[in-house]
Amino acid sequence: MLLLPALLILGLFLYYPQVDVFLLSLHRVALLGARKVFVGFDNYRNLFTSPEYLHSFTVTLIFVMGVVIPGLAISLGLAALANQKIRGARLYRTALIWPYALSPAAAGTIWFFLFSPVAGLVNYFLDQTFGIKPDWFGDKHLALFLITATAVWKNLGYNVIFYLAALQNIPKELLEAAQVDGAGAFRRFWKVTFPLLSPTTFFLLTMNMIYAFFETFPIVDIMTRGGPGDATNVLIYNLYRDGFRFFKTGLASAQSVVLFIFVVILTLIQFKALERRVHYGA
Amino acid sequence: MKRFLVLMLIALLGFGVALGQEKVKITFWHAMGGWRIGVIERMCADFNEIFPQYEVVPEFKGSYRDTLNAAIAAARAGAPAGVVQIFEVGTRMAIDSGVFEPVQKVIEEAGLEVDWGQFIPAVMSYYTIDGTVYSFPFNSSNPILYYNVDIFEKAGVELPKKPTFEDVYEAAKKIVEGGYAPYGITWPVHSWFVEQWFAEQGQLLVDNENGLAGRPSQTYLLSDAAKRIFTWWGKLYKEGLYAPTAFEAWGEAKRNFLAQQAAMLIYSTSDVANMRAQALDAGFHVRTAYFPVPAEVERHGVIIGGGSLWISKDLTPEQKKAAAEFVLWISSVAQTIRWHQLTGYFPVKLTALQALEEEGWYKRFPDFKTAIDQLQETEISPATQGAKMGAFLEVREYIGKAFYRMKELIDQGKSVEEAAEIALKEAKAKADKAICEYREAIGEPCP
């Protein structure tokens with residue numbers, strides 16, 4: 001009985017739209033509903049036979065891996081550094097967490113201005129120091145690298161908070177015991193700290209994956225718009241473009257369903273494969 | 001206690017008076033962002049004062065595309081906006097959506113009168129289809145060339161008032177080779193400019209008389225006109241004279257020009273007022289010239305850009321009257337002059353244009369006249385009336401991205417002509433497919 005309000009809201013804002021989206025994906029819809037024709041699984045067939053959409057999958061996979069793995073690695077490193085008892089530790093921690101408070105659109109805009117090939121600060125300094133002016137938005141690889149970097153930077157704060165908290169929860173006795181046994185700093189980290197951080201790492205892996213798949217849309221929209229060509233056309237961007245730029249609601253709905261199933265599968269794999277290796281409880 | 005009762009009474013009276021004066025409220029959804037938001041708000045406030053029985057509530061809805069999306073979605077949800085500003089290329093979609101009523105009809109049914117002959121013919125021709133005026137002209141623009149006078153003087157280069165592709169190429173070359181600026185020219189990688197270059201060459205963008213005689217079924221992206229455009233563009237890029245931007249990055253192109261990294265900028269006249277001010281802030285003078293065209297063609301003129309005002313169908317008769325009064329007021333001579341002087345969008349009424357000339361405005365600010373001259377020299381034909389197609393937004397994406405494909409091929413070592421041809425061929429295939437997909441969705445498949 002007490003669950004009813006929560007269920008009502010979930011039903012209205014989550015389940016009903018999802019069912020609606022699935023139904024829409026089985027139609028060809030014109031102009032947000034002017035005309036709806038049932039076409040069965042045609043939209044899905046179009047998607048999986050379209051080289052652009054399959055290319056989108058590749059781009060997204062590279063992007064997600066680039067956001068999740070370096071993101072967690074860098075965050076862990078930063079958290080470990082910020083965990084030391086040094087002067088200004090509070091300041092460093094605040095500075096590290098700050099980007100998380102920005103909206104992704106703001107983050108995208110900042111990096112867009114900084115890396116503007118002709119009039120941006122970064123190229124100005126690179127030109128003065130090294131004499132090079134990389135074409136950040138015109139080169140396929142650089143553009144993908146740039147949005148990945150922006151996405152990583154934006155989420156550092158989030159990861160650092162969790163890692164900091166987890167690091168501070170590691171019992172000192174274990175580390176001291178390891179030190180007494182003769183383990184060096186590196187050994188201590190990998191054999192004691194890292195395994196004890198595994199619940200956090202596991203959690204952050206899932207959260208960062210969701211972030212990379214869904215919440216990085218503003219960054220792509222502001223910085224590259226899927227370009228140059230289709231080099232940064234991640235799945236969520238392709239969905240938006242088909243749905244709201246080209247008004248192909250049916251096709252976009254199909255993409256939404258595919259993306260959802262894809263992420264669910266990835267998460268399930270993650271749980272099955274990795275959960276065994278998580279050490280809960282110190 | 002007594003004072004409290006008196007205050008309560010006054011409050012109740014005020015409330016009663018407010019209830020008694022029920023204003024007819026309509027929303028005005030627009031896409032005029034940045035510094036233009038304030039201009040629109042002030043204009044609406046003025047209208048509300050002059051017409052106290054109406055209240056127009058302006059709301060900035062984002063880009064033109066976001067505004068169209070919002071308008072259609074709201075109408076489907078049963079809460080349509082009153083007046084909506086829609087971009088030119090959304091015309092076919094706006095009609096197909098069934099959300100709007102032709103403005104001509106709304107005005108007639110409200111019992112108001114309008115003299116369509118008072119508007120610039122080129123502007124009217126864009127928004128009149130099959131003899132019915134669908135939307136009300138408001139912010140019309142066309143592309144012009146801005147150039148950095150100081151850099152040009154230093155380099156000893158002159159630009160004619162009506163430059164050709166060759167003139168621009170030569171000027172850019174001299175400036176860059178002489179080290180006067182890192183780049184000769186820049187403009188946003190956007191299909192709008194390509195469409196304008198088609199019009200200048202008298203080339204239709206799509207068949208069926210540019211979509212005016214009936215729904216189109218293919219594009220003319222492999223025409224000689226298209227090749228001329230892309231070969232010139234590719235040549236400028238290859239020789240390091242053109243600074244490419246991110247896709248549709250208007251802001252980036254403007255910044256490149258204002259940061260004096262490029263000596264010329266092809267942009268919209270709607271930024272004339274702002275560009276002059278910002279250039280002065282940045283420490284240089286800017287002048288304008290006509291949109292450049294290939295040397296071997298005669299100028300046919302430009303297509304009007306910008307947007308127009310549409311009125312929703314599902315409004316009460318009072319709301320429709322309010323909307324009609326609003327669009328008529330905002331296009332009155334005084335308001336047209338005001339909008340023009342504050343932005344650079346040209347005055348759509350001939351009488352307003354005349355008034356400005358007599359007042360000597362254009363003698364003091366000749367740059368505001370460039371776009372108007374260009375427009376008045378336009379010969380009205382299907383090529384300059386602007387293509388009408390439902391899939392325009394998707395086709396625009398492919399045309400714009402064709403530049404990046406050409407750029408990629410040039411970087412790989414192909415000749416400019418070959419790169420242009422391949423890029424155009426691929427763009428045409430995608431664009432034609434998009435046109436027919438839209439037609440299938442709307443129920444009138446390609447033959």
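## One helix, two faces

Welcome to this structure: let us begin with helix α16 of chain B, where the exposed residues Gln354(B) and Glu358(B) sit on the face turned away from the helix's buried side. A residue counts as buried if 20 or more other C-beta atoms lie within 10 Å of its own, as exposed if 12 or fewer do, and as partly exposed in between, with C-beta atoms placed from the backbone. The model is predicted, so local features need pLDDT of at least 70 and side-chain atom pairs count only at pLDDT 80 or more, while totals for chains, interfaces and linings use all residues. Residues are numbered from 1 along each chain as its sequence is written, and chains are lettered from A and ligands numbered from 1 in the order in which they are written.

The buried residues of α16(B), which spans residues 350-359, are Ala352(B), Leu353(B) and Leu356(B). They cover an arc of only 100° around the axis, so they lie on the same side of α16(B); the arc is that of the directions from the helix axis to the C-beta atoms. Their cover includes α15 (333-342), α17 (361-364) and α18 (367-376) of chain B. Just after the helix, Gly360(B) has a positive phi of about 85°. Helices (H or I, at least four residues) and strands (E, at least two) are DSSP runs, numbered from the N terminus.

## A five-strand sheet in chain B

Chain B also has an open sheet of five strands, ordered β10-β9-β11-β8-β12, with mixed pairing. The edges are taken by β10 (242-243) and β12 (286-289) of chain B, each with a single partner strand, so one side of each has no neighbour in the sheet. Two strands pair if DSSP finds at least two bridges between them.

Strand β9 (183-186) of chain B pairs with β10(B) in the parallel sense over two bridges. Across from Thr186(B), the bridge partner in β10(B) is Ala243(B).

## Two positive phi values

Most residues other than glycine have a negative phi. Asn210(B), however, has a positive phi near 65°. Asn210(B) lies in helix α10 (207-211) of chain B and counts as buried because it has 24 C-beta neighbours inside 10 Å.

Glu248(B) is another residue other than glycine with a positive phi, near 55°. Its place is the loop between β10 and α12 of chain B, and Glu248(B) is buried, with 20 other C-beta atoms within 10 Å.

## Crossing helices in chain A

In chain A, helices α2 (42-49) and α13 (249-274) pack at an angle of about 70°, with their axes 9 Å apart. Axes are lines fitted to C-alpha atoms, for helices over the stretch in contact, and angles run from 0 to 180 degrees between N-to-C directions. The two helices are therefore roughly perpendicular; angles under 35 degrees count as roughly parallel, over 145 as roughly antiparallel, 65 to 115 as roughly perpendicular and the rest as oblique.

Ala252(A) is found in α13(A) and is buried, with 24 other C-beta atoms within 10 Å. Leaving aside neighbours within four places in sequence, Ala252(A) is in contact with Leu239(A), Asp242(A) and Gly243(A). Two residues are in contact if their C-beta atoms, placed from the backbone, lie within 7 Å.

## Where the chains meet

How many residues of chain B are in contact with chain A? There are 30, and they touch 21 residues of chain A. Helix α20(B) gives the most to this side of chain B, with seven residues.
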